[in-house]
Protein chains: 2
Amino acid sequence: MDERTARMCLASVTEPGHPAVGTAVAEFGAEAVWIGLLGGDEGPLTARARLIRPAELVQSTKATGQRFVIPGDDEWPVGLADLAGCDPVQQLSGEPVGLWVTGGGHLGELSATALAVVGSRASTAYGDLVAADFSADLSEAGRTVISGGAYGIDAAAHRGALAGRTPSIAVLACGLDSPYPRGHTRLFERLAESGVLISELPPGEHPTRVRFLARNRLIAAIGAGVIMVEAAVRSGARNTLTWATVLHRVVMAVPGPVTSATSVTPHRLIRDAEAVLVSSAAEVLELLSPLGRATGSRPSEARATDSLSVDELRLFESVPGRGARGADELAVRAGLPMPTCLALLSQLADRGYLRQDTEGRWRLPPRAAAG
Amino acid sequence: MDERTARMCLASVTEPGHPAVGTAVAEFGAEAVWIGLLGGDEGPLTARARLIRPAELVQSTKATGQRFVIPGDDEWPVGLADLAGCDPVQQLSGEPVGLWVTGGGHLGELSATALAVVGSRASTAYGDLVAADFSADLSEAGRTVISGGAYGIDAAAHRGALAGRTPSIAVLACGLDSPYPRGHTRLFERLAESGVLISELPPGEHPTRVRFLARNRLIAAIGAGVIMVEAAVRSGARNTLTWATVLHRVVMAVPGPVTSATSVTPHRLIRDAEAVLVSSAAEVLELLSPLGRATGSRPSEARATDSLSVDELRLFESVPGRGARGADELAVRAGLPMPTCLALLSQLADRGYLRQDTEGRWRLPPRAAAG
């Protein structure tokens, strides 16, 4: 049995986000784990494994127009590797052993510029409008929108992206042969023309609450950041933001009327500095742009550090004399929360202390680095 | 000539916020400055001073139902003293030499619990609703709303306060005998029944652009904090928030729809951590309450500091072993911006590391202080 088929079998008998699976596969390889499972004691997992017919699984994947993508493939999203080392959220963790994919898009290429837009199923007209507007602008700017497939903000995000020039990614918590919810069948079909639907679950599987939670970690991991548009006090989107925080992604939230229940969670996250307030796609791009802020960048002169605040100075000193560092690493080194770190990096770039290179990493401006 | 009359004369010939006036009065006393001015070279100020008839000024103040309040009086707002030492904003600075006051309220008592609610003249229905709601709740909770007298958010704030149990303070940029704008004559009358109108300008004076700017420093200085409800990109309310920042007041802003031009400035201030996001009067009170957060306060146990972030630890260590310190002083000592400082103080209180005393100052909880 080859690596891909072994991973497909493992993905079929284990639940997404099971902490032990990723670890075992990383240590022993998928084939060894699969063979070990088949020959194991009479546990429920072994019992399920013995029911699997690998050839049938390969066949049903193919028959339903899907492909099975694994780590190392061109299509594998780079960001998923971060799930291997990060803290669990609600006992879920781990890089997926593989992904079922359908659609005309190239998952790897689309993932490289992906940004998540998430929010409430029970969204308001305002939230739908904002999600669609942001997504259309991001898509037009060459950014891939990634989201779930639910009613409300998820659907508005995909519809917005369809209006732009970059296809979107929908991450589902069920088999892609019968994508849930049924009411979005037409939306999923349009999306799959040039975008992709992806899932950790094999054909025939239905969504469960835990599968939705495990799914959220993929949305957070594949994107460079997560934008929460609307979410009531208890919302699945909150869980996606927790994953984004754990994974050091850029966490953003869109404000709304204080009279709206669906803006309570975004406001709380902004207030507690867990998310950066964004009021337009341009602001999102500014936060994430590999070429620094859209306006006012003067990255060419070394400046005296006398005028820097203690936090700014600490951040400035975390940037190496030669080479560059990512914002996530700088935040850790300077001991600053990510939103503060990003805000200060932007300010430092505006004032000429730092610049971002083409990979989005931070470095000293040429003169300061030379001197 | 007595001190009060000398100050009244000085206030009548100098423009509000003239940097030299407060300094000279503090150094030489009002009478000496006034006598010096009368005997000075033929400058425009001396020319104006010689036209003043002190007895007429006292008479017109009395005839228009006003009183003239000076530092040291019971009615003098304590917060105004902070204007003596702070940095100028647009070349304006200084504690007023005196204030004309009208209305049935006691300016000193009302000022002691004052909070400013400011915003755009060209407000939206949403902004008016939020300003009135916040102000009604603050007034009901015993907090004095202080604002200007303009159309839009100012008026909505006063109307909201009238619905509560605490009268409000209106700070005008003209003589109180003909309060501007005329369209608010009835509102000012109702406000003056148990609240107060105040101004740095003598009877008969009209508002000017600079007088509005000088007036803003009083709104910021008298209140313990400033709440911006709505403001377009260029707005006088932005200037009031600059004063509040300079004076280390709690700077708050209310978010709104990202599709609304009048929420652009609040969103920008929140995003850049210049203002704390507030979505209800309860959240405002929580930020300012002398008894700590409304919910979840567990201020009784000393905790290990291992789990604190670098910023939290720095803040925690800025709190003295005995006694207490205000948030503004802690922010300076810890080198943190005020919004960050307030957010972290709340979190530290929630987690039992710190408590607020009845004067709103921060101290170690009993056990930690003892140990």
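**Notes on the predicted model**

1. In S5 of chain B, Ile169(B) is the bridge partner of Ile146(B). This is a predicted model. The strands concerned, S4 (residues 144-147) and S5 (residues 169-172) of chain B, run parallel and are joined by two bridges.

2. These strands belong to an open sheet of nine strands in chain B, ordered S1-S2-S6-S5-S4-S3-S7-S8-S9, with mixed pairing. Strand S1 (67-69) and S9 of chain B are at the edges with a single partner strand each, so one side of each has no neighbour in the sheet. H8(B) packs on this sheet and touches strand S3 (114-118), S4 and strand S7 (225-228) of chain B. The direction of H8(B) makes about 175° with that of S3(B).

3. Chain A has an open sheet of nine strands in the order S1-S2-S6-S5-S4-S3-S7-S8-S9, and the pairing is mixed. Its edges are strand S1 (67-69) and strand S9 (276-277) of chain A; each has a single partner strand, so one side of each is left without a neighbour in the sheet. Strands S4 (residues 144-147) and S5 (residues 169-172) of chain A pair in the parallel sense over two bridges, and Ile169(A) in S5(A) is the bridge partner of Ile146(A). Helix H9 (residues 153-162) of chain A packs on the sheet, touching strand S3 (114-118), S4 and S5 of chain A, and its direction makes about 160° with that of S4(A).

4. Which residues of helix H2 (residues 19-28) of chain A are buried? They are Val21(A), Ala24(A) and Val25(A). Their arc around the axis is only 100°, so they lie on the same side of H2(A). The buried residues of H2(A) pack against helix H1 (3-13) and helix H3 (30-38) of chain A. On the face of H2(A) turned away from the buried side are the exposed residues Pro19(A) and Glu27(A).

5. Helix H12 (residues 236-246) of chain A has the buried residues Ala237(A), Asn239(A), Thr240(A), Leu241(A), Trp243(A), Ala244(A) and Thr245(A). The buried residues of H12(A) pack against S3, helix H11 (209-222), strand S7 (225-228), S8 and helix H13 (264-271) of chain A. Just after H12(A), His248(A) has a positive phi of about 60°.

6. The contact takes 10 residues from domain 1 of chain A and nine residues from domain 2 of chain A. On the domain 1 side, strand S8 (250-253) and helix H14 (281-288) of chain A are the elements that give two or more residues, and H14(A) gives the most, with four residues. That side divides into eight nonpolar residues, one polar and one charged.

7. The contact between the chains takes 22 residues from chain B and 22 residues from chain A. On the chain B side, the elements that each supply at least two residues include helix H8 (125-140), helix H15 (310-318) and helix H17 (338-350) of chain B. H13(B) gives the most to the side that touches chain A, with three residues. The residues on the chain B side divide into 12 nonpolar, seven polar and three charged.

Technical notes: Residues are numbered from 1 along each chain as its sequence is written. Chains are lettered from A and ligands numbered from 1 in the order in which they are written. This is a predicted model: local features need pLDDT of at least 70, side-chain atom pairs count only at pLDDT 80 or more; totals for chains, interfaces and linings use all residues. Two residues are in contact if their C-beta atoms, placed from the backbone, lie within 7 Å. Ala, Val, Leu, Ile, Met, Phe, Trp, Tyr, Cys and Pro count as nonpolar, Asp, Glu, Lys and Arg as charged, and the others, Gly among them, as polar. Two strands pair if DSSP finds at least two bridges between them. Axes are lines fitted to C-alpha atoms, for helices over the stretch in contact, and angles run from 0 to 180 degrees between N-to-C directions. A residue is buried if 20 or more other C-beta atoms lie within 10 Å of its own, exposed if 12 or fewer, and partly exposed in between; C-beta atoms are placed from the backbone. The arc is that of the directions from the helix axis to the C-beta atoms.
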